[in-house]
Amino acid sequence: MNGPDKILVIGDDTRSFLSTVRSLGRKGIEVHVAPFDFRAPALASRYIKDVHFLPYYLDGGQEWLDAIRALLREQGFSLVIPCDERGLLPLCLHRSELEAFCPLAIPSPRALEIFFDKVKTRQLAESVGVTVAPGRMLARGDTVDSIVADIGLPAVIKEPMSYALPELYVRTSTRIIGERAALGDWLARHDHAGPILLERMFPGFGLGVSVLCDRGTVLQAFEHHRAHEMNGSSYYRKSAPLDPVRLDAVERMVKASDYTGLAMFEFKVNPADGSWILIEVNARPWGSLPLPVSIGIDFPYRLYQLLARREPTPPVDYPAGRYCRNLVQDMWQARSGAARLVRQPHKLAAHCAGWLWSFHRVALGREHHDTLVLDDMQPGLREVRDIVAPRVKALLGKGGRPAARTGLAQRLAELAAAASGRPVEVLFVCQGNINRSSYAELKSKQLFAPARFHFSSAGMLPRNRRGSPAVAIAAAARHGVDMSAHRSRHASAALLEAADVVIAFDEINLNSIAARYPHLAQRIFLLGEACPAPGHQILDPEGKDDATFGSTYRRIDTCLAALAQAMPASSARLQESTPC
């Protein structure tokens, strides 16, 4: 071997991704990464050798496939590890071709089918005697009475898959409905477009049994319990002794699926009687991974040894009662808990005191942090900075866009003057390209001379060919714009790079563009800058009523009219414009 092995890790979060990067980097492996968010704090890790851009997986994934194929060919990686479904599912779709370059840390086709579908996970569990919550699929004829009779209240409502093509970048959510009226409202809105799993609510707290497996055999197991838990999530966990009965349940499911790789089996335990159920299986690196890694259960490195070097490793013991905290997320969760107790001062004081007291474990050496670690401080410091800096600026009155740079109207005029006969390329960008940017594109074509400006639009969400909602089409028609034929498209790197000016609508748009293309910051403006009162942002009317769409389009009209009026006479068609 001419140098250290190279591994590509796909992702960017501060839990599973960062923990994987650090685990491998500490062993001298050269770590390359392909993130979704290029401003993610985890990318500040000293253990990252290089950062690569992969396009989103859209329309059959040819652009993504060409890019990753070229990357694997050029770099000669020993292993590719995806840290969430957005990276994992495309690899699975093209496994036969991509495995010719190097091993992929992805489930087998059978394991993928089972563990990425909650219904099939339940079926496997039941077939090997593992307890799950009572439940069934939603039927078309279901009523509130039939669901309450079978499931009870609260009822847990789940889509079988958290992520699925073609909406790969949209995570489905789990609902918990506790009242008959709310259940009736949900049934009235539900369109039966896809299968829905109904489960009975099980009381208790969450825990996980994490495993490294090789062809149906568990090589290493680790159990953690949630120390702070709210709404089914936790950012403060502790190591616990392996429960032999739960471990046996995991081993039966691993054997039945012939599983190879990392997985975390999520359970819920009722402390009143010790009963438990299986909730789901995460067949990939999981959010609580920093805890086992911090106390010597080095799952990512041992996964590398197994898949890249074909070296299965024996199990090792670990200490119980060790904690790990995602500081920022745990802080926000504690804050949310405090907000619920604001009218109960004694309980609020106890809540705050208990949260603060939990930090005594740091002094005792019994607690680690997900991001703030001594040998790699920058991701943790960056995460804290990203939370604190905007709030400090807001308090000092220094928030918003830099005031010193050229304004939108001036920039358009400069580009038009220097264009040398070609039209200036103006790209409107919002999130979905079905409400605001689509309207602005079509309206601009009415206001500006086509020889001087070429307008187009796109959305930052990775979705193509969606039509505008009926309420948007109707509101636009009243403003003289026909959006009935419009179909959305994703704001790809090629589109953004080709634009002379990118015009967004709110801070969400600005942050979305900056996350994927931070080098384009100077090219991006807010449309509201053209007509600032009552502020620079034009918020998304998605999901709102007709009146909201109407006011949104009036604001866009006013801003576009102000821009057209500011252009040289040959650049605008507008004769009379609406004043700001």
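Helices (H or I, at least four residues) and strands (E, at least two) are DSSP runs, numbered from the N terminus. The structure is a predicted model, in which local features need pLDDT of at least 70 and side-chain atom pairs count only at pLDDT 80 or more, while totals for chains, interfaces and linings use all residues. Residues are numbered from 1 along each chain as its sequence is written, and side-chain values use heavy atoms, with hydrogens and water left out.

Leu-412 is placed in helix H16 (residues 408–417). With a relative accessible area of 2%, Leu-412 is buried (buried means under 20% relative accessible area, exposed over 50%, and partly exposed in between, with a 1.4 Å probe and protein chains only). Apart from residues up to four places away in sequence, Leu-412 touches Val-426, Phe-453, Val-501, Leu-563 and Met-567, where contact means heavy atoms within 4.5 Å. Leu-412 and Val-424 are twelve residues apart in sequence, and their C-alpha atoms are 8.0 Å apart.

Helix H20 (residues 507–516) is largely enclosed by the rest of the structure, because seven of its ten residues are buried. The buried residues of H20 include Leu-510, Ile-513 and Arg-516. Their cover includes strand S16 (424–430), helix H17 (436–447), strand S18 (501–504) and strand S19 (524–526). At the start of H20, a side-chain oxygen of Asp-506 comes within 3.1 Å of the backbone nitrogen of Ile-508.

Strand S12 (residues 261–269) is largely enclosed as well, since nine of its nine residues are buried. S12 pairs with strand S9 (residues 205–214) in the antiparallel sense over nine bridges; two strands pair if DSSP finds at least two bridges between them. Within this pairing, Gly-208 has Glu-266 of S12 as its bridge partner. S12 also runs antiparallel to strand S13 (residues 276–282), to which six bridges join it, and Phe-265 stands opposite Val-281 in S13. Six residues lie between the strands in the hairpin of S12 and S13, where Gly-274 takes a positive phi near 80°.

Glu-367 belongs to strand S15 (residues 367–369) and is buried at 6% relative accessibility. The side chain of Glu-367 makes a polar contact of 2.8 Å with that of Tyr-236 and a polar contact of 3.0 Å with that of His-369. A polar contact is a pair of N or O atoms within 3.5 Å; within protein, one must be able to donate a hydrogen and the other to accept it, and residues adjacent in sequence count only if both atoms are side-chain atoms.

The whole structure contains 31 salt bridges, each defined as a side-chain nitrogen of Lys or Arg within 4 Å of a carboxyl oxygen of Asp or Glu. Arg-69 and Asp-66 form a salt bridge at 2.6 Å, N to O. Both residues lie in helix H2 (residues 62–75), three residues apart, about one turn of the helix. A further salt bridge joins Asp-214 and Arg-310, with the closest N and O atoms 3.6 Å apart. This pair links distant parts of the chain, 96 residues apart: Asp-214 is in strand S9, and Arg-310 is in the loop between helix H11 (299–307) and strand S14 (323–325). Asp-214 is buried, with a relative accessible area of 8%, whereas Arg-310 is partly exposed at 45%. Salt bridges also link Asp-5, Arg-309 and Glu-311 in a network.
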